[in-house]
Amino acid sequence: MALVTKENAGLRLVTRYAVLTLVALVFAFPLVFMIISSLKPDQQLLQDTSSLRAFLPVGDISLDNYRAAFDRAPIGRFMLNSIFVTIVTVSMSVAICSLAAFAFVYMKWSGRDAALSIVLATLIIPFETIAVPLLLMVSRLPWIGVEGVEWGWLNTYRVQIVPWIVDALTVFLFVQYFKDLPRELIEAARAEGASWFQVYRRVVMPLSGPVLATAVILKSLKMYNEQYLWPLIVVQDEAHRPIMVGLGYFFQLNVAWGELMAYLTLISVPVLVFYLILQRAFIASIASTGVKG
Amino acid sequence: MRYLICSIALGGVATVATAQTELTLWYHGAGNEVESEILDGIVSDFNSGQSDWSVAVESFPQGSYNDSIVAAALAGNLPCILDVDGPVMPNWAWAGYMQPLPVADAAIEGHLDATVGRWGGEVYSVGLWDAAVALYTRQSTLDELGLRTPTLDNPWTLDEFNAALETAKTSGNYDFALDLGMAWTGEWYPYAFSPFLQSFGGDIVDRSTYLTAEGALNGDAALAFGEWWQNLFTAGLAPGTSQDPADRDSGFIEGRYAFAWNGNWAAAATLDAGVDDALFLPAPDFGNGSTIGAASWQFGVSATCEFPEGAAAFVEFALQDRYLAAFSDGIGLIPSTREAAAMTERYAQGGPLEPFFALSDAQALVRPVTPGYVVAAKVFEKALADIANGADVADTLDAAVDEIDADIEANGGYGH
Amino acid sequence: MDRTLPASQRGSAMASRLTISNRAGWGFALPAFALITIFIILPFFFAFYLSLTNQRLISPNPTQFVGLENYRDLLGLSVITLGPERDENGAAVLNELGDLTYPRVRTVTRNPDFPQYRGMREWFRWRSGENARVVIASDVVFWKALANTLTFVFFIVPLQGGGALLLALLINQKLRGINFFRTIYFMPVVISIVVISLLWRFIYDGGDGLLNNILGALSFGLFPPVDWLGQPETALGSIIVMSAWQAVGFHMVIWLSGLQTISPTLYEVAAIEGASKWQTFRYVTWPGLRNTAVLVLIVITMQAFALFAQIDVMTNGGPLDSTQTLVFQAVERGYGKQDISGGSTISVLLFFIVLLISLTQRYLTRDRS
């Protein structure tokens with residue numbers, strides 16, 4: 001290999017950053033468009049879409065769209081609903097799915113292989129195709145509350161949470177990951193008399209940072225960003241509506257584009273912040289475990 | 001949380017004091033502040049004006065309102081009063097979601113025909129307003145292109161209309177001669193475009209039996225309509241199905257389209273945007289009369305409601321001219337009665353949108369009154385989009401007929 | 001299936017030490033298994049039952065069991081042969097371009113002499129000698145939706161998976177500010193696909209859309225504007241590119257976590273041996289990414305088969321059915337056209353198609369050791 005001269009290295013560094021920046025532009029431009037547009041009045045926003053002005057905060061810039069958007073829809077309520085449903089579902093999901101994956105990978109029990117095959121087969125059922133049967137079912141399910149048994153789950157948080165807790169993909173993520181953990185650790189722990197739950201809690205989960213982060217990100221995005229059809233059909237009162245249903249408030253006969261962009265920008269903020277926080281944990285946990293390979 | 005709900009419920013009971021029976025009302029206007037305010041005003045006037053009933057409103061985004069209703073009906077969770085889009089009502093009535101609305105005849109006397117929804121000889125729904133579609137243009141456009149101003153009595157003929165579009169195109173002053181609003185998918189297509197087909201002499205279904213579309217949607221008149229329709233797009237006269245929705249909103253106002261086929265709800269925005277010589281022209285007569293679609297949102301009562309008389313009391317209360325006028329002033333819709341129209345700013349004699357009331361009164365033709373309309377409308381929408389995109393006209397209309405007929409058969413004739 | 005059922009295959013020494021624990025095993029798996037059974041499997045069986053009936057979403061009419069009729073209506077295919085049009089002398093009539101002309105398909109499908117073809121439509125045709133062979137289907141839209149879905153999957157898997165790997169390699173460097181770039185690349189993932197689709201309608205606009213403007217500027221006006229979503233030739237491709245762009249950042253993160261688990265010593269060894277960059281990738285990096293690759297492949301495939309939101313927001317299946325997909329059709333029929341049994345039938349067929357494909361994928365990506 002040729003000796004790397006100083007200028008050469010400098011040039012390579014510049015090239016690297018140039019490539020990184022170019023790629024960044026490709027990924028950032030629609031979002032820049034969204035944020036910039038949220039600051040413009042409709043008329044100007046639409047005119048600007050045909051030129052590079054779409055990406056520049058020029059002209060009549062203000063936060064009016066944000067004010068109007070808050071007047072139009074109870075945005076805070078929608079966001080709280082979505083965040084609450086997401087947090088509860090995701091935390092229950094990773095707990096229950098990882099426990100099941102643990103049983104599928106490390107334990108031997110009759111019916112295990114069949115059960116895993118069935119769970120994984122559900123990976124290929126798109127939700128849209130079972131929505132109506134599911135609706136008929138949840139409208140008749142019982143729930144034991146403080147005031148005794150009540151029937152029907154419509155217009156609640158639970159109807160937005162419970163059916164979504166377990167999904168095949170999350171189980172699959174954990175299964176794939178657990179398979180690569182060194183089995184000696186588990187065997188050693190069992191030999192020392194640890195219970196199965198202790199092995200799960202003390203040995204396996206502490207090693208599962210990367211898969212936990214992946215599962216949490218994937219599931220959170222699904223719960224926060226993609227809950228539209230289901231809440232639409234099971235939630236009729238505004239108090240329980242999530243953000244994606246709230247999107248409909250901005251589609252009147254003539255769409256309020258500026259307000260729509262403001263709404264889109266607002267609802268995207270929590271996810272971005274969440275990702276920025278998790279990204280550090282994610283990278284750190286991978287570096288610290290170093291068990292694979 | 002539970003504590004909070006309890007306290008609110010108690011508060012509600014405390015203020016009402018007398019034993020009013022609560023009736024829930026579902027409405028499609030979530031996100032439209034003005035509309036919600038007017039409705040809330042009517043409801044609170046009603047609730048405080050008598051002691052039997054108390055109406056509570058729940059609003060839904062319009063785009064998904066029908067899905068919400070159907071889901072609630074499947075789950076057995078419908079409210080007492082609901083609002084329903086005119087042409088959809090027969091479907092819900094036939095399916096057993098709705099029951100007849102026992103309003104007094106006097107309450108709906110003199111209302112625009114299309115604002116009263118009838119099915120099986122009974123009144124099921126009543127609307128506070130109607131909507132109308134007109135051919136938007138500017139006086140300056142007509143002058144520049146040297147075109148006469150069509151009137152209700154003397155609308156443009158097919159040839160005149162075609163010539164007008166050609167002239168606009170060859171002038172080179174516009175991106176497109178005609179904006180049909182192809183960006184608005186869904187009910188807009190059958191609502192706005194099936195009157196063209198009817199004016200040619202065809203229809204979505206055969207209204208003499210409502211049991212087939214054969215002949216109506218693929219007969220000679222329909223084929224002529226289809227060829228004409230396709231030519232609008234192949235000749236570059238109108239933007240096609242990929243039209244950006246933003247262009248639909250702003251294209252005419254910015255002067256990029258010479259003509260636009262648009263509803264009365266967009267008229268106020270057009271005038272406000274500074275198009276001060278805007279004209280709202282009647283639909284051309286393609287040979288079989290000049291017509292536009294009719295019947296907008298209306299109130300009805302669900303089948304599971306135990307108090308239809310309460311629902312009727314509310315609807316009759318809401319039908320007062322002052323409320324019709326308030327809705328019209330607020331969101332630009334056409335009031336159901338002449339008296340109410342006279343009270344509005346825009347639809348009164350000499351008001352800027354007066355032509356729309358005349359259009360509604362003179363030209364309105366309701367979409368086929370059949371439970372099968374919901375599916376037929378979808379099929380019609382796809383056929384029009386396909387033809388606009390260059391599909392063979394005869395084959396596409398044949399296929400649409402087959403699909404509509406198969407649906408009617410699968411539903412046992414929809415009770416006709 | 002063996003990849004997912006590892007323990008039993010991975011040596012009996014293991015099984016003997018970890019004795020059978022039926023109660024604990026079921027106990028751990030039960031919460032997940034019960035929830036998935038109630039909320040996914042049961043509704044799916046209900047959908048399967050619906051596909052065997054004539055159930056409508058809205059109807060006062062009683063439901064009837066119709067057997068496999070819904071499946072026949074969807075899958076019915078026939079091939080008809082059309083002879084060229086001939087004049088009275090028996091010579092074939094040519095059109096102005098000099099091609100043979102054929103009678104219209106509707107002369108067969110709407111002909112009382114051929115009741116078996118009633119209501120069928122042309123899907124595609126080819127020439128065989130003087131005759132035209134026409135494939136007619138009782139549900140052309142379904143077949144087009146199937147073909148489009150498979151096309152989408154075929155292109156999106158390498159585009160999204162490969163693109164994500166390239167990004168991961170690009171971002172897996174020790175550089176100041178690399179976190180910033182990683183975040184930017186990930187940004188489209190955090191935005192809902194519905195929102196992304198709305199934004200891209202502006203970008204793909206046929207007249208003065210952003211993409212046309214950018215391409216025009218880059219080519220100094222030589223590039224003519226394209227109506228990206230308005231033409232059958234470009235609509236599906238445009239949706240593929242947008243979908244790949246949206247999710248590529250997510251798979252980048254998965255690849256990245258795979259990359260970071262490869263031991264640095266392997267790279268040191270490769271460097272000492274004088275391996276080229278490509279050799280290092282081929283013999284160190286790629287083998288270390290095996291499990292990750294399987295995961296990425298399966299996730300992308302499953303998501304691709306469920307393609308719905310982009311279509312719903314951007315094209316509604318058009319123009320000319322060029323972007324119809326199976327899930328879009330299932331929803332359009334089940335809800336839009338109130339034909340819940342027809343929609344369910346598509347769902348069931350989709351299930352079996354994907355099952356077949358994923359079994360094949362598992363077979364091809366199995367451990368060969």
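Helix axes are lines fitted to C-alpha atoms over the stretch in contact, and angles run from 0 to 180 degrees between N-to-C directions. The model shown in these close-up views is predicted.

**View 1. Packing of helices H2 and H12 in chain B.** Helix H2 (residues 33-49) of chain B packs against helix H12 (residues 321-331) of chain B at an angle of about 165 degrees, and their axes lie 9 Å apart. H2(B) is therefore roughly antiparallel to H12(B), since angles over 145 degrees count as such. On the H2(B) side the contact involves Val34(B), Glu35(B), Ile38(B), Leu39(B), Ile42(B) and Asp45(B). H12(B) contributes Arg322(B), Tyr323(B), Ala326(B), Phe327(B), Gly330(B) and Ile331(B). Sorted by class, the contact of H2(B) with H12(B) consists of eight nonpolar, one polar and three charged residues.

**View 2. Open three-stranded sheet in chain C.** The strands follow the order E1-E3-E2 (chain C), and their pairing is antiparallel. Strand E1 (77-82) and strand E2 (121-128) of chain C are the edge strands, each pairing on one side only. From one strand to the next, the twist averages 25 degrees. Helix H6 (residues 140-171) of chain C lies across E1, E2 and E3 of chain C and runs at about 70 degrees to E2(C).

**View 3. Hairpin of strands E2 and E3 in chain C.** Seven bridges join E2(C) to strand E3 (residues 131-137) of chain C in the antiparallel sense. Two residues separate E2(C) from E3(C) in this hairpin. In the turn, Gly129(C) has a positive phi of about 65 degrees. Ser128(C) stands opposite Asn131(C) in E3(C), and Arg125(C) is placed opposite Val134(C) in E3(C).

View 4. Leu278(A) belongs to helix H14 (residues 257-289) of chain A. The relative accessible area of Leu278(A) is 17%, so the residue counts as buried, the cut-off being under 20%. Leaving aside residues up to four places away in sequence, Leu278(A) touches Ala213(A), Val216(A) and Ile217(A). Leu278(A) and Ile217(A) are 61 residues apart along the chain, and their C-alpha atoms are separated by 8.2 Å.

Terms used: Residues numbered from 1 in each chain as written. Chains lettered and ligands numbered in written order. Predicted model: local features only at pLDDT ≥ 70, side-chain atom pairs only at ≥ 80, totals over all residues. Heavy atoms only, no water. Pairing = 2+ DSSP bridges. Helix = DSSP H or I, 4+ residues; strand = E, 2+ residues; numbered from the N terminus. Contact = heavy atoms within 4.5 Å. Parallel < 35°, antiparallel > 145°, perpendicular 65-115°, else oblique. Nonpolar A, V, L, I, M, F, W, Y, C, P; charged D, E, K, R; others polar. Buried < 20%, exposed > 50% of the residue type's maximum accessible area, 1.4 Å probe, protein only.
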